[in-house]
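Hi everyone, thanks for making time.

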Amino acid sequence: MSTFSTKLFMALAISVVLVACKSTPIKPATVEDKSPSASTANTTPDAGAGADTGAIKEAAIDSSANGNDKNNPLKDPNNILSKRAIYFDYDSDAVKAEYRPIVEAHGKYLVAHPDTKMIVQGNTDERGTREYNLSLGQRRSVAVKKALNLLGVQDKQIETISYGEEKAVQNCGDEDCFAKNRRADVVYEGD
Amino acid sequence: MKLLRWIFLCAAFFAALTANAALEIEISGGGAQQIPIAVVPFGGAANTKENINEIVAADLQRSGLFRVLETRGMANLPTNSSQIKYAEWVALQAQAVTVGNVESLGGGKLKVSFQLMDALKQTQLAGMDYQIAPNQVRTTAHKIADVIYQKLTGQSGMFASRIAYITKTGKQYALLVADADGYNPQSVLRSNEPIISPAWSPDGTKLAYVSFQKKKPIVYVQSLTGGTQEVLANYKGNNSAPAWSPDGSKLAIVLTYGANSQIYTVSSSGGDLKQITKSNSIDTEPTFSHDGSQIYFSSDRGGKPQIYKVPASGGSASRVTFEGAYNVSPRFSPDGKSLAYIRNDGGKFRVALQDLASGQVQLLSEGAQDDSPSFAPNGRVILYATKLHGRGALAAVSSDGKVRQRLNDATGDVREPAWGPLLN
């Protein structure tokens with residue numbers, strides 16, 4: 001208790017008058033949704049310090065397009081273009097031979113449709129830190145992009161991003177589960 | 001909204017947690033030398049919904065450095081120092097006694113007074129008056145706890161501060177800000193897409209974070225008082241891992257403009273983009289040194305991921321961690337003397353603390369999937385994400401490893417904690 005004794009010895013009578021402490025209420029974000037079905041975003045009311053803000057706007061920022069799937073080769077379940085996942089081995093970003101047909105089909109489609117854009121999303125399992133996994137997942141998306149580039153797809157048609165472990169099936173108990181998370185997903189603009 | 005509450009594991013003390021707490025807080029361990037203190041109920045308690053003494057006592061107890069004495073059954077409960085019969089408190093083994101009072105000033109204003117007295121010397125160690133609005137009672141109680149903590153331990157306080165964290169409930173993600181004791185959770189952002197990596201501006205008025213709401217990682221900055229979400233970085237590829245410089249003028253971020261993750265800096269308004277690392281490896285998880293001169297980061301340039309540093313204006317990088325095969329997520333202590341990070345210790349991801357002068361490393365958490373270390377404003381506690389029964393939860397450990405806490409949310413996953421600065 002030496003610190004305490006020292007402090008006692010140094011005891012000072014301090015009287016500080018703080019007039020009107022500043023309050024810093026938190027306002028939730030207003031997320032603007034550009035999707036057609038979304039209602040107009042409103043400014044959310046001031047939460048007020050200490051208030052539990054049940055009235056936070058829940059932004060409908062996740063929209064999905066409703067196209068006519070039958071006439072869209074990308075959505076037709078009988079077309080290889082509807083296959084969007086490429087799986088990887090542990091700690092690897094090599095595109096395996098068994099996924100070549102999928103990559104080639106998408107490559108042909110993108111070459112035939114030079115205005116069509118695609119995002120390749122890399123994914124990892126949940127082991128490791130989130131930001132580091134985001135970087136690891138990126139390697140897988142870049143590997144798929146490079147394979148597509150070799151097929152003649154232009155850089156401007158492909159954006160590579162990563163979801164890291166964010167879309168991983170959590171609490172995997174076995175290798176089969178981990179393997180499902182080691183994946184790149186191809187997503188077309190407007191999907 | 002579901003609250004998280006710290007659960008007190010410590011058998012000696014169960015705080016009366018009466019308000020709506022979101023995080024459940026659990027405490028175990030404690031310093032060998034706990035300061036015995038009596039926190040006497042405040043006079044005029046009818047003027048507040050919450051009992052200030054209970055909030056103060058819970059803060060002090062949670063730190064592990066105090067033993068809060070039971071005051072029930074005491075014949076005299078003084079509300080100012082002149083009423084204290086010191087012999088009664090010394091008999092209880094109290095070394096310090098706090099007394100206080102709440103007075104209504106009319107017009108919705110309250111006056112909270114408190115005094116911290118040395119029970120042995122019968123002298124005043126601190127005395128404060130606060131004029132507040134009724135919704136500032138909890139914050140004022142935390143400020144009082146900080147004054148007591150500072151006077152009796154010699155360390156600056158940490159209780160009047162906020163934490164940010166992410167929850168996932170069902171398919172919905174939320175970025176929340178709560179008081180450091182888990183109370184008053186307020187929603188900052190909700191989305192059906194992931195939100196990660198919240199980072200406090202040094203003045204505590206803004207949060208930077210990564211949201212996937214546009215189906216890709218984009219870095220946003222949001223004012224907590226204005227509520228407006230502004231894009232800080234939305235370049236082709238990933239935009240992630242924001243970290244503020246100590247003066248708040250710029251942020252380090254990670255972009256994958258080429259292929260691999262590389263570190264850039266950008267002004268806090270989003271301009272003046274500058275590439276800091278140029279490698280063929282993964283460079284990510286930047287954090288500024290406390291003096292702002294260096295950026296520490298994770299990189300696999302040597303094969304396995306390790307922590308490196310580079311001048312904040314760019315230049316050549318040098319390695320910081322040598323022990324262990326996998327060290328990531330560096331965070332500087334507020335005094336700049338130590339570095340917390342995550343080590344993969346034989347398959348267990350644990351919080352490590354490295355003394356930068358001696359290079360000595362202490363593993364502070366048990367694992368196995370610990371993530372996102374974040375220092376309390378005074379550096380005495382490290383908050384981090386962990387897994388509990390298969391779900392994300394928050395945990396905290398004192399920087400000496402002696403006191404542990406856990407925060408739960410009964411309804412979903414809690415992750416990605418970030419401890420903000422002390423409130424003004």
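Predicted model: local features only at pLDDT ≥ 70, side-chain atom pairs only at ≥ 80, totals over all residues.

Residues are numbered from 1 along each chain as its sequence is written, chains are lettered from A, and ligands are numbered from 1, in the order in which they are written.

Okay, back to our pair. In general, two packed helices are described by the angle between their axes and the distance between the axes. Here, helix α1 (residues 52–62) and helix α3 (residues 137–153) of chain B have axes that come within 8 Å and cross at roughly 50 degrees. Those axes are lines fitted to C-alpha atoms, for helices over the stretch in contact, with angles running from 0 to 180 degrees between N-to-C directions.

As for handedness, α1(B) passes α3(B) in a right-handed crossing.

Which residues of α1(B) meet α3(B)? They are B:Ile52, B:Ile55, B:Val56, B:Asp59 and B:Leu60. Among their partners in α3(B) are B:Val137, B:Ala141, B:Ile144 and B:Ile148. Contact here means C-beta atoms, placed from the backbone, within 7 Å.

**Over to chain A**

Chain A has 4 helices and 5 strands, and along the sequence they follow the pattern α-β-β-α-β-α-β-α-β. Of its 191 residues, 34% are buried. Buried means 20 or more other C-beta atoms within 10 Å of a residue's own, exposed means 12 or fewer, and partly exposed is in between, with C-beta atoms placed from the backbone.

Zoom in on helix α2 (residues 100–112) of chain A: 13 residues, reaching 18 Å from first C-alpha to last. That is close to the 18 Å expected at 1.5 Å a residue, the expected span being 1.5 Å times one less than the number of residues. In α2(A), the buried residues include A:Val103, A:His106 and A:Leu110. They sit on the same side of α2(A) because they cover an arc of only 70 degrees around the axis, taken from the directions from the axis to the C-beta atoms. An α-helix has 3.6 residues a turn, so residues three or four places apart point the same way.

What do the buried residues of α2(A) pack against? In chain A, they pack against β2 (85–87), β3 (118–123), α3 (130–150) and β5 (183–188). The face turned away from the buried side carries the exposed A:Pro101 and A:Ala112.

**A few loops in chain B**

B:Gln122 lies in the loop between β6 (109–118) and β7 (123–132). Its phi is near 60 degrees, positive in a residue other than glycine. B:Lys215, not a glycine either, has a positive phi of about 65 degrees.

Last stop: the peptide bond from B:Gly367 to B:Ala368 is cis, with omega near 15 degrees. You'll find B:Ala368 in the loop between β26 (361–363) and β27 (371–375).

Definitions and conventions
Helix = DSSP H or I, 4+ residues; strand = E, 2+ residues; numbered from the N terminus. Contact = placed C-beta atoms within 7 Å. Left-handed = near helix turned anticlockwise from the far one by under 90°.
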